[in-house]
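Here is a friendly note to read with the model open beside you. The points go from the whole chain down to single residues.

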Amino acid sequence: MKKKIIFASLILMIVGSFISASAINEEKTMTATQTVGNGSEVSQGPILTIETTEGPIKIMLYDDTPLHRDNFLKLVKENYYDSLLFHRVIKDFMIQAGDPDSRNAPAGKHLGAGSPDYTIPAEINYPKHFHKRGALSAARTGDQFNPERRSSGSQFYIVTGQVYTPSQMEMMAARGVDRERQDYFRNLCRRESAAIDSLQKSGDSVALEELRQKLIKETEENVKPSALPAEVVEAYTTIGGTPHLDGQYTVFGEVIEGMDVVDRIQNKETDSADRPKEDVKILSIK
C-alpha cells in the first residue's frame, strides 16, 4: 500500500507539472570468452590494454554492443585516447575519461563536455550487462536533453562502486520499478498530450482525473514489480558496483585485469570538480 501511495504521488506530481507547463578496427585484435565477477560467462569480444600513468588496465569489449565496440576500436586505431586524462574520479563510484578537451588541459580547466561531433544509439542490455565493479560503460548527457539515452561518442567510465546488503538491493529494486513506471507514465502523457491540453483548457477536472486514473492503471499493468536476477544480486552483494545506474547507461565491456590500477586512480585526491589534482593520463590503448 505504501509503494502505491508513493507511486501515485509521483504520478500526480508529473501530471501537475505537465499541466502547469502546458567504424571497425581493421587490425587483428585478441578475443576471448571470460568467466568474471560472480562466475558467469560473458560473450567473446576484443581485448585491449589501457596503458595509464598508474599502470595497465586490461579490458574486454562486448560483442553484443557492436555500435559501442566498433566505435571504441575505431577511436583506439586513431590514437584518439592518447594523452587524455581521467578527468572525473569519485571514490566508491567510478573513474571517467575520454574528453578530448582534457589533453594538455591546465589545472583548474572545466572538463567533461568534450566529445566527437556525434553520439551513439543506446545499447542497454540489462540485466545481462550491469554496473558491477569493473564494468566499462558509456557516459552521456542527462535524460532531460537526451531522452533516448544516446552515449557520448568518446567518454567512458569504469565502475568501482561499493558492496550492498540484500535488503539494500531489495530497496533499490523497488526504486527501479518506480523509476520505470515514471518513465512509462511520462510517455503515456506525451501520447495523450492533445487530450490533456484540451481538458485543461475546458476546465473539465472530472474528465482529466478519469484520464489520469486510466493512465495510472495502464502503467501499473505494463510495469510489474519483479525481483532482481540472482546473478545481479550476487554480484552487488559480493564484489559490489553501482546498481542505481542500471538501465540508464550502456555497459559495453569490463575490466579483466588491473582493478588495482583502477583503485589507485579512484583514491587520488581531487578538486571540487572531481578532477585529480595530480594528472592521471591514458598513455595509449593497444
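Predicted model: local features only at pLDDT ≥ 70, side-chain atom pairs only at ≥ 80, totals over all residues.

1. **Helix α5.** In α5, the buried residues are A207, L208, L211, R212, L215, I216, E218 and T219. As for its length, α5 covers residues 205–222, and its 18 residues should span 26 Å at 1.5 Å a residue; the end C-alpha atoms are 26 Å apart, so the two agree.

2. **The chain as a whole.** The protein chain holds 7 helices and 11 strands. Of its 286 residues, 45% are buried. The chain exposes about 14600 Å², and carbon and sulfur atoms supply 52% of that area.

3. **Helix α2 and what follows.** Helix α2 takes in residues 66–77. Its 12 residues reach 16 Å from the first C-alpha to the last, close to the 16 Å expected at 1.5 Å a residue. Buried here are H68, R69, D70, N71, F72, L73, L75 and V76. Just after α2 comes N79, with a positive phi of about 60°.

4. **The nonpolar cores.** Which residues touch the most other members of the largest nonpolar core? They are I57, I59, F72, Y81, F86 and F156, in a core of 29 residues. Apart from this core lies another, of 11 residues, with I47, M60, F93 and V251 among them. In general, nonpolar side chains tend to be buried together in soluble globular proteins. To look around I57, leave aside its neighbours within four places in sequence: its contacts then include L48, I50, I158, V255, V261, V262 and I265. T49, T52, E257 and G258 are also in contact with I57.

5. **Aromatic pairs.** How many aromatic pairs does a search of the whole structure find? The search gives 7. F130 and Y236 make an edge-to-face pair, because their ring centres are 5.4 Å apart and their planes stand at 70°. This pair links distant parts of the chain, with F130 in the loop between β6 and β7 and Y236 in helix α6 (residues 230–238), 106 residues apart. Both F130 and Y236 are buried. Y157 and Y249 also form an edge-to-face pair, at 6.0 Å centre to centre with 85° between the planes. Here Y157 sits in strand β9 and Y249 in the loop between α6 and β10, 92 residues apart. Y157 is buried at 4% relative accessibility, whereas Y249 is partly exposed at 23%. Elsewhere in the list of ring pairs, F72, Y80, Y81, F156 and F252 are linked into a cluster.

6. M169 belongs to helix α3, residues 166–191. Is M169 buried or exposed? With a relative accessibility of 2%, M169 counts as buried. Y236, from the aromatic pair with F130, turns up again here: M169 and Y236 are 67 residues apart in sequence, yet 8.0 Å apart in space, C-alpha to C-alpha. Beyond its neighbours within four places in sequence, M169 is in contact with Y164, L228, Y236, T237 and P243.

7. **Q155, a polar residue in a loop.** Q155 lies in the loop between β8 and β9, and its relative accessible area of 5% makes it buried. What lies 2.8 Å from a polar atom of the Q155 side chain? The backbone oxygen of G114 does. Setting aside neighbours within four places in sequence, the contacts of Q155 include H87, Q96, G112, A113, G114 and A138.

8. **Backbone details to check by eye.** The peptide bond from Y126 to P127 is cis, with omega near 10°. P127 is in the loop between β6 and β7, where F130 is also found. D92 is not a glycine but has a positive phi of about 60°; D92 lies in the loop between β4 and β5 and is partly exposed, at 37% relative accessibility. D274, another residue other than glycine, has a positive phi near 70°.

How values were computed:
Residues numbered from 1 in each chain as written. Heavy atoms only, no water. Helix = DSSP H or I, 4+ residues; strand = E, 2+ residues; numbered from the N terminus. Buried < 20%, exposed > 50% of the residue type's maximum accessible area, 1.4 Å probe, protein only. Core = buried A, V, L, I, M, F, W, Y, C linked by side-chain atoms within 4.5 Å. Contact = heavy atoms within 4.5 Å. Areas by Shrake-Rupley, 256 points an atom, 1.4 Å probe, with all protein chains shown as cover. Expected span 1.5 Å × (residues − 1). Polar contact = N/O pair within 3.5 Å; in protein donor to acceptor, adjacent residues only side chain to side chain. Phe/Tyr/Trp six-rings, centres within 6.5 Å; stacked < 30°, edge-to-face > 60°.
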